[in-house]
Amino acid sequence: MPELPEVQTVVNQIRPDLLNQTVKSITPIWGKVFHNFTEKEARLKIYGKQIIDVSRRAKFIIINFKEGIVAIHLRMTGKLYFLNKNDVPSKYATAYLTFKNGKKLIFDDVRKFGRIYLHKNMKSINKRHGPEPLEDSFSPEILINIMKSRKRNVKALLLDQKILAGIGNIYADESLWKSQIHPNSLSHQIPKIRLKKLYESIKIILTDAINQNGTTIINFSVNGESGKYTNELKIYGKENSKCFRCNFKIKKIRVAGRGTYLCTKCQKKYN
DNA sequence: AGGCGTTCCTGGGGGC
DNA sequence: TGCCCCCAGGAACGCC
């Protein structure tokens, strides 16, 4: 389940190998993997074009060309890895790119939720996404405004990419645990001081997770090292074990349609 | 506005 | 060993 830190880790790992490379081809193995373009369009727009940067926006991996971008969303089980020209991709490969230097970038995706997009620029992605939580411009006031201006379940808000970009199920639970907020709290009822704590928790947790190469529950990158943040998790996946803070038994409930881990003793419900 | 269910997909785990 | 059912959950979409 790649979220912001995992996607950033993938970008960090593949960027050096992609920078300045010239695309020879991009080929779908599974029919629906190209979400908004055809092979023909790809041929016209990116064959022979040089990659000038590889970056991340929300949970998208962005391959930047002088004119246009290729955006890759890993969704649940997507992985990217390099092979040499004549190597055979795994049975779960849904697409691949080839480059002038003979390398091949494989998009591997067991559950086939992942998609590749071709866009002129970042406009269509930006308009569907809220602020980047790790950018300096993301301030406590912005988070307070997000929460206070809506009357919505706080976990649902954290997961909503239009509101805040990049957070998924694992880091939502971890951030709420660290800031001692019950996931079913109503956003506008949470005191400002608690929201400031939530802001700090999000920043710290995402930054630490990137430094640890993310959380590997299902491997998200084949070439790279596995994510070590798995060892730092305090609440996610820890049903029935003891809360690190208060020793109370950790529960698993459903919030916003997702499996949610929490400590009902030290995470306060505001409603 | 916002909550909820459904869809897309497949592997893996639990129950029997 | 095997079979069935449910669960995992990111995002879009339709409905109420």
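Which polar atom lies 3.0 Å from the backbone oxygen of isoleucine 167? A polar atom of the side chain of glutamine 161 does.

## Basis of the model

This is a predicted model, in which local features need pLDDT of at least 70 and side-chain atom pairs count only at pLDDT 80 or more, while totals for chains, interfaces and linings use all residues. Residues are numbered from 1 along each chain as its sequence is written, chains are lettered from A and ligands numbered from 1 in the order in which they are written, and side-chain values use heavy atoms, with hydrogens and water left out.

Glutamine 161 is found in the loop between helix 5 (154-159) and helix 6 (169-178); helices (H or I, at least four residues) and strands (E, at least two) are DSSP runs, numbered from the N terminus. Glutamine 161 is buried at a relative accessible area of 17%, where buried means under 20%, exposed over 50% and partly exposed in between (1.4 Å probe, protein chains only). Apart from neighbours within four places in sequence, glutamine 161 is in contact (heavy atoms within 4.5 Å) with Ala58, Lys59, Arg128, His129, Gly130, Gly166 and Ile167.

Histidine 119 lies in strand 8 (residues 115-119) and is buried, with a relative accessible area of 18%. Its side chain makes a polar contact of 3.2 Å with the side chain of serine 124. A polar contact is a pair of N or O atoms within 3.5 Å; within protein, one must be able to donate a hydrogen and the other to accept it, and residues adjacent in sequence count only if both atoms are side-chain atoms. Beyond neighbours within four places in sequence, histidine 119 is in contact with Asn36, Gly68, Ile69, Ser124 and Ile125.

An open sheet of 4 strands runs in the order 1-6-7-5 with antiparallel pairing; two strands pair if DSSP finds at least two bridges between them. Strand 1 (23-28) and strand 5 (78-84) are the edge strands, each pairing on one side only. Neighbouring strands of this sheet are turned by 20° against each other on average, direction ignored. Axes are lines fitted to C-alpha atoms, for helices over the stretch in contact, and angles run from 0 to 180 degrees between N-to-C directions.

Helix 1 (residues 4-18) packs on the sheet and touches strand 5, strand 6 and strand 7 (103-109), its direction making about 30° with that of strand 5. Strand 1 and strand 6 (residues 93-99) pair over 5 bridges in the antiparallel sense. Threonine 27 has tyrosine 96 in strand 6 as its bridge partner.

## DNA strand C

Of the 15 residues around DNA strand C, those that come nearest are Arg75, Arg111, Phe113, Lys252 and Arg258; a residue is near a molecule or strand if one of its heavy atoms lies within 4 Å of it. Sugar and phosphate make up 61% of the atoms of DNA strand C that come within 4 Å of the protein.

Polar side-chain atoms lie 2.8 Å from a phosphate oxygen of DNA strand C for histidine 73, 2.5 Å for lysine 252 and 3.0 Å for arginine 254. Strand 9 (251-255) and strand 10 (258-262) are the elements that give two or more residues to the surface near DNA strand C.

## DNA strand B

The residues around DNA strand B include Trp30, Lys32, Tyr92 and Arg150. Sugar and phosphate account for 70% of the DNA strand B atoms within 4 Å of the protein. A base oxygen of DNA strand B is 2.7 Å from a polar side-chain atom of arginine 111, and a phosphate oxygen is 2.9 Å from an N or O atom in the side chain of lysine 112.
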